[in-house]
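My entries follow in the order in which I looked.

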Amino acid sequence: MRLVLVGPPGAGKGTQAQYIASNLSIPKISTGDIFRANVSGGTDLGKLAKTYMDRGDLVPDEVTIAMVRDRLSEDDAQDGFLLDGFPRNVAQAEILRDMLKDWGQALDLVLELVVDDDEVVRRLAGRRTCSQCGRIWHVEFDDKKDDKCDACGGALFQRDDDKEETVRHRLEVYQEQTAPLVSYYADEDILVGVDATGPVEEVTQRAMEAIRPFMG
């Protein structure tokens with residue numbers, strides 16, 4: 001099974017990617033994991049990426065794509081994989097399609113985690129991070145009435161990227177970049193949307209039910 005997971009920030013992609021990949025016995029491959037592995041491993045691509053990251057610049061597409069190509073060519077990805085965070089746009093999707101075609105492969109499914117903007121804002125803007133242990137709490141889901149960490153007593157704060165205006169901007173960027181990608185895969189007839197609201201276990205169950213018809 002070869003699939004791609006897409007969805008806005010706060011949709012729960014990281015959590016669902018882990019569960020789905022485990023259920024399907026395939027590797028979860030995220031661009032974040034690939035970057036960290038290459039940088040910490042001191043690979044040529046990792047060193048190149050680090051020069052951009054150290055300057056605060058975005059790593060160019062060609063470097064990201066080369067890392068993805070290397071990762072997908074590893075033994076554990078030959079019978080399937082779940083991609084999280086790649087492709088991010090139509091140009092990358094076309095490169096991925098051609099890459100897989102060269103290997104006699106193709107994507108089986110693109111799973112879109114569907115959640116409305118207000119729910120994303122509710123999830124992300126409600127998060128508070130402990131200044132001491134780094135644990136994340138939620139003002140609503142954890143019923144946090146004070147600004148102290150229940151685990152260590154540290155002061156809680158709201159990260160800049162969890163502030164409502166920042167979250168709404170991230171959603172705008174996502175719509176600009178990724179809405180065309182969703183349409184692209186819908187035209188390819190391999191896109192399935194899954195309601196990503198509700199408990200994690202229920203979302204995973206819906207996702208697995210959506211995937212089953214595409215399994216060989």
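**Entry 1: the three-stranded sheet**

I began with a sheet of three strands, which is open, runs in the order E6-E5-E7 and has antiparallel pairing. I noted that E6 and E7 are its edge strands, since each of them pairs on one side only. I keep in mind throughout that this is a predicted model.

I then went through the pairings one at a time. Strand E5, residues 127-130, is joined in the antiparallel sense to strand E6, residues 136-138, over three bridges. Within this pairing I found Arg-128 opposite Trp-137 of E6, and Thr-129 has Ile-136 of E6 as its bridge partner. The two strands make a hairpin with five residues between them, and in the turn I found Gly-134 with a positive phi of about 85°.

E5 is also joined to strand E7, residues 156-157, by two bridges, and these strands run antiparallel. Here Cys-130 has Leu-156 in E7 as its bridge partner.

I also looked up what the UniProt record says about this region: the unreviewed entry places the feature "domain: Adenylate kinase active site lid" at residues 127-161.

**Entry 2: helix H6 and its neighbours**

Which strands does H6 touch where it packs on the sheet? I found that H6 touches E5 and E6, and that its direction makes about 20° with that of E5.

Next I followed H6, residues 117-125, to helix H7, residues 164-187: their axes come within 10 Å and cross at roughly 135°. An angle over 145 degrees would count as roughly antiparallel, and 65 to 115 as roughly perpendicular, so H6 and H7 are oblique to each other. The crossing of H6 past H7 is right-handed.

On the H6 side, the contact is made by Asp-117, Asp-118, Val-120, Val-121, Leu-124 and Ala-125, and on the H7 side by Glu-164, Val-167, Arg-168, Arg-170 and Leu-171. When I sorted the residues of this contact by kind, I had six nonpolar and five charged, with no polar ones.

**Entry 3: the five-stranded sheet**

I turned to another open sheet, in which five strands with parallel pairing follow the order E2-E3-E1-E4-E8. Strands E2 (28-30) and E8 (191-195) stand at its edges with a single partner strand each, so one side of each is left without a neighbour in the sheet. Ignoring direction, neighbouring strands of this sheet are turned by 25° against each other on average.

I looked inside the sheet at E1, residues 2-6, and E3, residues 81-84, which pair in the parallel sense over four bridges. There, Leu-3 has Leu-82 of E3 as its bridge partner.

Which residues does a cis peptide bond join? I found that it joins Phe-86 and Pro-87, with omega about -5°. Pro-87 sits in the loop between E3 and helix H5 (90-102).

I also noted Ser-25, a residue other than glycine whose phi is positive, near 55°. Its place is the loop between helix H1 (13-24) and E2.

Note on methods
Residues are numbered from 1 along each chain as its sequence is written. This is a predicted model: local features need pLDDT of at least 70, side-chain atom pairs count only at pLDDT 80 or more; totals for chains, interfaces and linings use all residues. Side-chain values use heavy atoms; hydrogens and water are left out. Two strands pair if DSSP finds at least two bridges between them. Axes are lines fitted to C-alpha atoms, for helices over the stretch in contact, and angles run from 0 to 180 degrees between N-to-C directions. UniProt positions are given in the numbering used here, feature names are shortened, and annotations may be inferred rather than shown by experiment. Angles under 35 degrees count as roughly parallel, over 145 as roughly antiparallel, 65 to 115 as roughly perpendicular and the rest as oblique. A crossing is left-handed if the near helix is turned anticlockwise from the far one by less than a right angle, and right-handed if clockwise. Contact means heavy atoms within 4.5 Å. Ala, Val, Leu, Ile, Met, Phe, Trp, Tyr, Cys and Pro count as nonpolar, Asp, Glu, Lys and Arg as charged, and the others, Gly among them, as polar.
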